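Subject: Structure for you to look at

Hello,

Here is the structure I said I would pass on. Please open it first, and then read my notes beside it.

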Amino acid sequence: MLKVLKFGGTSVGTLERIQNVANIIKDIKDDGHDVIAVVSAMSGETNKLLEYADHFSSNPASPEIDMLLSSGERVTSALLSIALNDQGYLTTSMSGREAGITTSDAHTKARIENIDVTNMRNAISDGKVVIVAGFQGVTSNGRVSTLGRGGSDLTAVAIAGAIKADLCEIYTDVDGIYTTDPRIEPKAKKLDMISYDEMLELASLGAKVLQTRSVEMAKKLNVNLVSRSSFSPETPGTLITKEENIMEKPVVSGIALDRNQVRVGLYSVKDKPGIAASIFTGLADANVNVDMIIQTVGVDGVTDLDFTVPKTELDTTKKVMAHFVNDAKKIDYNEEISKVSIVGVGMKSHAGIASKAFQALADENINIRIISTSEIKISMIILEKYSELAVRALHEAYNLDK
Ligand code: ADP
Ligand code: ASP
Ligand code: MG
């Protein structure tokens, strides 16, 4: 079998951890499999590099940030290659460029456009373990680019798809996908399987265990994706697969928490056609990712409008909103909120799922500010200080610990 393995930041966080990864790869190679390993930077490294840049500028050029950040994953790929090679294995480390990954020129959030697998294939034919620096590629201008935070997951899935690997295993610091973040709810249960769509919702609603775009890509390219632990590699992980492969479909599969949201409130906005259109067009043009939107019924020619944006896009949002100060009595920004969501494919065919969530939060005296629903998820904006309580209350309400 050809396996693509990805090792995240904590899995390569120290020299001992890198040695541990080398041992995992050795075992898989000794079992007769071909291996492409994708590695992240050592944990904390990417943030440290960003702080270095921040020391010199509050607005550094994005191509320079990519030059800087891409170095983190190159360090680990070279070290892992050296460690394995010293144990008698043929290895080669590759940057994104050497691995044939070309991207758009949207620096710091580039999209993978093509993967030319020739170099990787040749190295595999030579019997080598290929070790790819994750999270990066090269633009058509020949500049190094990065794929957005958590992007090594995407590198691994995209390579697995392009080279038609049999399996893509994402090794991290927990042994799979749980019903909720096990660091918040110790009673969370590991799932044996989860559908691409549910995983996509969980990831985009805040469960950072897999990067959202990597799940999207896995679904599109039909990659057999497994999430598992480098700390206990003997424990089987969670398979992320097509919905039809899952026999017993749970009504609710998991709870996600996103603390990275800000609620923007506009009070007494003039209730006339075109206001919402110009606000949201302005935000879209500035590349702000607006999430939940709620507008109350107009009274006396005015109405209230609330929406949420990611905290990282707050400065840009404020700049855009400055154009609308005369259209509302007041605009305010509340960063002390979070979004808690329940996800499950079974919601499509079951009634009473939402009311159970609202009751569970009401029983804990937690006020819900905004609600939004789709076919397989319900999201609620609450005060941030109640985040963990809300996650645990919902986890219990749907019996996810059973
Ligand atoms: P890596 O550095 O390996 O990429 P991440 O820190 O990005 O790892 O993701 C792993 C973390 O995701 C876990 O430590 C866990 O706290 C968190 N997490 C959030 N939601 C879940 C979930 N539903 N199941 C498992 N882990 C989760
Ligand atoms: N090192 C990058 C980050 O911290 C990419 C990754 O780990 O996947 O976001
Ligand atoms: Mg990650």
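I begin with the shell around ligand 1, which by class holds six nonpolar, five polar and five charged residues. Please keep in mind that this is a predicted model.

**Ligand 1**

In total, 16 residues surround ligand 1. The closest are Thr 172, Asp 173, Tyr 178, Asp 181 and Arg 183. Three of these residues make polar contacts that you can find in the viewer. In Asp 173, a polar side-chain atom is 2.8 Å from an oxygen atom of the ligand. For Asp 181, an N or O atom of the side chain lies 2.8 Å from an oxygen atom of ligand 1. Arg 183 also takes part, with a polar side-chain atom 2.7 Å from a ligand oxygen atom. How much of ligand 1 does the protein bury? On its own the ligand exposes 570 Å², and the protein buries 88% of that.

**Ligand 2**

Ligand 2 has these residues around it: Ser 40, Thr 46, Glu 73, Phe 135, Arg 149, Gly 150, Gly 151 and Ser 152. By class, that shell has one nonpolar, five polar and two charged residues. An N or O atom in the side chain of Ser 40 is 2.9 Å from an oxygen atom of ligand 2. From Arg 149, a polar side-chain atom lies 2.7 Å from an oxygen atom of the ligand. With Ser 152 the contact comes from the backbone: one of its polar backbone atoms is 2.9 Å from an oxygen atom of ligand 2.

**The eight-stranded sheet**

An open sheet of eight strands runs in the order β3-β6-β2-β1-β9-β11-β12-β10, and its pairing is mixed. Which strands are at the edges? They are β3 (91–94) and β10 (193–195), and each of them pairs on one side only. From one strand to the next, the twist averages 20 degrees.

For one pair within this sheet, look at β1 (residues 2–7) and β2 (residues 34–39), which run parallel and are joined by six bridges. Lys 6 stands opposite Val 38 of β2. Next, find helix α6 (residues 196–204), which lies across β10 and β12 (238–241). The helix runs at about 85 degrees to β10.

**The four-stranded sheet**

There is also an open sheet of four strands, in the order β13-β18-β20-β19, with antiparallel pairing. Its edges are β13 (254–258) and β19 (370–374); each has a single partner strand, so one side of each has no neighbour in the sheet. The twist here averages 20 degrees from one strand to the next.

Strands β18 (residues 337–343) and β20 (residues 377–383) pair in the antiparallel sense over seven bridges. Which residue is the bridge partner of Val 340 in β20? That residue is Met 380. Helix α10 (residues 353–363) packs on this sheet and touches β18, β19 and β20. The direction of α10 makes about 20 degrees with that of β20.

Regards

Methods: Residues are numbered from 1 along each chain as its sequence is written. Chains are lettered from A and ligands numbered from 1 in the order in which they are written. This is a predicted model: local features need pLDDT of at least 70, side-chain atom pairs count only at pLDDT 80 or more; totals for chains, interfaces and linings use all residues. Side-chain values use heavy atoms; hydrogens and water are left out. Two strands pair if DSSP finds at least two bridges between them. Helices (H or I, at least four residues) and strands (E, at least two) are DSSP runs, numbered from the N terminus. Axes are lines fitted to C-alpha atoms, for helices over the stretch in contact, and angles run from 0 to 180 degrees between N-to-C directions. Contact means heavy atoms within 4.5 Å. A residue is near a molecule or strand if one of its heavy atoms lies within 4 Å of it. A polar contact is a pair of N or O atoms within 3.5 Å; within protein, one must be able to donate a hydrogen and the other to accept it, and residues adjacent in sequence count only if both atoms are side-chain atoms. Accessible areas come from the Shrake-Rupley method with a 1.4 Å probe; for residues, only the protein chains shown count as cover. Ala, Val, Leu, Ile, Met, Phe, Trp, Tyr, Cys and Pro count as nonpolar, Asp, Glu, Lys and Arg as charged, and the others, Gly among them, as polar.
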